[in-house]
Amino acid sequence: MTNKEASNESLRAVRIAGTGSYVPEKILSNQDLEKIVDTSDEWITSRTGIKARRIAAEGEFTSHLATHAARRAMQQANLQSEDIDLIIVATITPDTLTPATACYVQQALGAHRAVAFDISAACSGFLYALEFARVAIAGGTFNNALIIGAEKLSAFVNWTDRNTCVLFGDGAGAAVLTPASDEKKTGLILSTHLGTDGTKTEILNIPGGGSACPITLENAEQHLAALSMQGREVFKAAVNAMRRASETAIEKAGLSADDINLVIPHQANLRIIDAITDRLKIGKERVFINLDKYGNTSAAAVAIALDEATRNGAVQPGDRILLVAFGAGLTWASAVIEW
Ligand code: COA
């Protein structure tokens, strides 16, 4: 059953009523990285497509990035802080282990009516948040949800490891979800799909800093609270999972790949995106890319790209957008939206 059909029974259809994004001012280019680790602009560009990434200022936390993006999404949705009744922040780089980063965002926004919590689903986190907020609104429990993908990955990167430090960046993207109506149906969520494979937790993780491996004086030098990755394994898993997730969401929406006007994929690596869209037979002109500017911002990536694509004219009213993501867990997620 598609989400649209469900809405005809007893559930409410749900739409994206506004989007917003924010990236820190500081730009770290590939040339800058050449001075930090043994790498080159040529290597990074040809292997990933990334040219630059943004780095949060000292004292600028994930919740700050999230709050900026949230304000922009609320403004576009024409909602005030007191209208928001649910805040979900998707992040793997929370301000603190507890409380949730969403609580800091609630405080900053003064959204005192909102229930606020975080989701940890790595790069798929924004689309996980989208689905759980959609379900909560569809069933009538909540009305105006703020979902945010926000990361300060620069705080969890080993800046001496060229295998990983060139890939990631900081930023945040947000969306406001509300019930759809006949008059207001821009951003209608047509279908969603989520998946998890917990058998490959070791190929992409942050091994230290949790209860399994607290950071101590003895292990402090080992960069255990930094992203660790088996790049080739992740690459293969990402291509397979994102292709399948794309096909599933398109099918659940009752569409074919030809009906998709724009794919907004997780922005990790241009070669991963090309491999997926080639297999789906979707031409490059129908794929939104901004990883050259921001690198991989994990949970923020799809959210920032959605905001940029819908604000800069890459999306027209009535267009069908495929959102698809993949990340540590392993997790994957997809959605088809009618703009
Ligand atoms: N600069 C220069 N050389 C680098 C480098 C860098 N920044 N990073 C790695 N290398 C070297 C490696 O040391 C290796 O050298 P060796 O052959 O002498 O051992 C060589 O480049 C090739 O490494 P390899 O792992 O085969 O490269 P690759 O073509 O697979 O590309 C990634 C590496 C990380 C770009 C790629 O595997 C990838 O994108 N994986 C997925 C990452 C991802 O998306 N993660 C997040 C998912 S949500």
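This is a predicted model: local features need pLDDT of at least 70, side-chain atom pairs count only at pLDDT 80 or more; totals for chains, interfaces and linings use all residues.
Cys-123 takes part in no disulfide, and the nearest cysteine sulfur, which belongs to Cys-165, is 17 Å away.

## The packing of helix 8 and helix 9

Helix 8, which covers residues 231-252, packs with helix 9, which covers residues 270-279, at an angle of about 40° and with the axes 9 Å apart. The two helices are therefore oblique to each other, and their crossing is right-handed.

On the side of helix 8, the residues that meet helix 9 are Phe-235, Ala-238, Val-239, Asn-240, Met-242, Arg-243 and Ser-246, while helix 9 contributes Arg-271, Ile-272, Ala-275, Ile-276 and Arg-279. Sorted by class, this contact holds seven nonpolar, two polar and three charged residues.

## Pro-207 and its contacts

Pro-207 is found in the loop that runs between strand 9 (204-205) and strand 10 (228-229), and with a relative accessibility of 36% this proline counts as partly exposed. When neighbours within four places in sequence are left aside, Pro-207 is in contact with Cys-213, Leu-224, Ala-226 and Ser-228. Thr-141, by contrast, is 66 residues away from Pro-207 in sequence and 36 Å away in space, taken from C-alpha to C-alpha.

## Cis peptide bonds

Thr-98 and Pro-99 are joined by a cis peptide bond whose omega is about 5°, and Pro-99 is placed in the loop between strand 4 (86-90) and helix 5 (101-109). The peptide bond leading from Gly-329 to Leu-330 is cis too, with omega near -5°, and Leu-330 belongs to the loop between strand 12 (320-327) and strand 13 (331-338).

## Residues with positive phi

Lys-281 is not a glycine, yet its phi is positive, at about 60°. This lysine is located in the loop between helix 9 and helix 10 (291-294), where Lys-281 is exposed, with a relative accessible area of 69%.

Ser-298 likewise has a positive phi, of about 50°, without being a glycine. The position of Ser-298 is in the loop between helix 10 and helix 11 (300-311), and with a relative accessible area of 1% this serine is buried.

Terms used: Residues are numbered from 1 along each chain as its sequence is written. Side-chain values use heavy atoms; hydrogens and water are left out. A disulfide is a pair of cysteine sulfur atoms within 2.5 Å. Axes are lines fitted to C-alpha atoms, for helices over the stretch in contact, and angles run from 0 to 180 degrees between N-to-C directions. Helices (H or I, at least four residues) and strands (E, at least two) are DSSP runs, numbered from the N terminus. Angles under 35 degrees count as roughly parallel, over 145 as roughly antiparallel, 65 to 115 as roughly perpendicular and the rest as oblique. A crossing is left-handed if the near helix is turned anticlockwise from the far one by less than a right angle, and right-handed if clockwise. Contact means heavy atoms within 4.5 Å. Ala, Val, Leu, Ile, Met, Phe, Trp, Tyr, Cys and Pro count as nonpolar, Asp, Glu, Lys and Arg as charged, and the others, Gly among them, as polar. Buried means under 20% relative accessible area, exposed over 50%, partly exposed in between (1.4 Å probe, protein chains only).
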